[in-house]
Amino acid sequence: MTHFSPDSDWLHWHQEPSKPNFAPPKGAVDAHCHVFGPGDQFPFAPERKYTPCDASKNELWTLRDFLGFSRNVIVQATCHGADNRALVDALQSSKGMARGVATVKVSITDDELQNLHDAGVRGVRFNFVKRLVDSLPFDDLQVIANRIQDLGWHIVIYFEAAELPELYDFFTSLPTTIVVDHMGRPDVSKSVDGPEFGLFTKLLRENTNFWSKVSCPERLSLVGPSGYKDVVPFARRIVETFPDRVLWGTDWPHPNMKSHMPDDGHLVDIIPQIATTEALQQKLLVDNPMRLYWGE
Ligand code: 0GY
C-alpha cells in the first residue's frame, strides 16, 4: 500500500461549507465533481501533475445532501490518469444516483468500455489544458470518439480560451455530443461581448452538438470570493442563450485552487444570478443533466 502526501501548497476542500440560501429544484444534479482516492485504496497515477488530499465518495454524498442536491456526475480527475477504479467504485456505490465521465487510453478494449458503461460512465474526458497533460491528445481523441458513438457517450473537453482558435476546427470535426468544461475558461477581464468570448458563443451557436458547463467561478474570477461578480455575466450569457445545453457543477473538491478554497454553499448561491428564472434553473440543474446522463 502506498501512502500519498498532498503537495505542500495543496488547499484542503472546505470542511464547513455554509448552508445555501438558494434551494435547488427537486432532483438537482451536481454535474461536475471529482473523487480523489482515498490514495491508500485507489493510488494516484504515476504521471499525475499534482498530488491532492483525499476526497472520498462518502464525503461527496454528504456534501450533495447538505447542499440540497440529489445526484452527481463524477468526472475523472487527471491525478488518477486513466485508472478509473476510484470513479467506478463511487458509481457502483451510488445506488444509481451518480454517473461518470472517464479517462481512457486507445488501448482500452470493447469489453472494458462496456464495463465502464455498466458502472454508469456516459462520457470520456480529454484535457487540453497544457499544465495538466504531457501532450495534447488529438490522435487518441479522434480514435476514441469514433468508438464511443455506439455507446451513446459524449466527450468532455477542457481547454483555455486563448487556445480555442487553434483547436476550433478539430473540435468541430468531432462526431459526438461535446461538453466544454467551465465555459472554455474565459479571461473574465475581457468583455463578454468581445472577440474571445464571441468565439466561444459562436462555437455553441453554430454547432448544436456542443454543450457548456457554467461552473467554476472560483477558478475564473479575478475579484474573488465576495461573489465572483466578474464571472456572473459570462455564465448568465451562456445560460440565457443556450438554455437547453448547459450544466452546472460544484467542482468539489476543487483541484489546484491556489488563491482560496471556495465555500460550496456560496457557489450554490450564485446559481440564481446566472439562471434567473425557475424555468432556467430547472433546465440547468435537472432537465439537461437528466437527459444527457440518465437518458430521461
Ligand atoms: C477541474 C479543474 C482542474 C483540474 C482537473 O482533472 C483535473 O486535474 O480537472 C484544473 O486544474 O483546472 O476541472 O476540476
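Visitor: How many nonpolar, polar and charged residues does the shell around the ligand have?

Guide: Classes first: Ala, Val, Leu, Ile, Met, Phe, Trp, Tyr, Cys and Pro count as nonpolar, Asp, Glu, Lys and Arg as charged, and the others, Gly among them, as polar. Here the shell has 5 nonpolar, 5 polar and 5 charged residues. This is a predicted model: local features need pLDDT of at least 70, side-chain atom pairs count only at pLDDT 80 or more, and totals for chains, interfaces and linings use all residues. Residues are numbered from 1 along each chain as its sequence is written, and side-chain values use heavy atoms, leaving out hydrogens and water.

Visitor: Which residues come nearest to the ligand?

Guide: A residue is near a molecule if one of its heavy atoms lies within 4 Å of it. Of the 15 residues around this ligand, Y50, T78, Y158, H182 and D251 come nearest.

Visitor: Where do polar side-chain atoms lie from the ligand's oxygen atoms?

Guide: A polar contact is a pair of N or O atoms within 3.5 Å. For Y50, the distance from a polar side-chain atom to a ligand oxygen is 2.5 Å. For R219 it is 3.3 Å. For R185 it is 3.4 Å.

Visitor: Why are W10 and Y50 called stacked?

Guide: Rings of Phe, Tyr and Trp (its six-membered ring) pair if their centres lie within 6.5 Å; planes under 30 degrees apart count as stacked, over 60 as edge-to-face and the rest as tilted. The whole structure has 14 aromatic pairs. The ring centres of W10 and Y50 are 5.2 Å apart with planes at 15 degrees, so this pair is stacked.

Definitions and conventions
A polar contact is a pair of N or O atoms within 3.5 Å; within protein, one must be able to donate a hydrogen and the other to accept it, and residues adjacent in sequence count only if both atoms are side-chain atoms.
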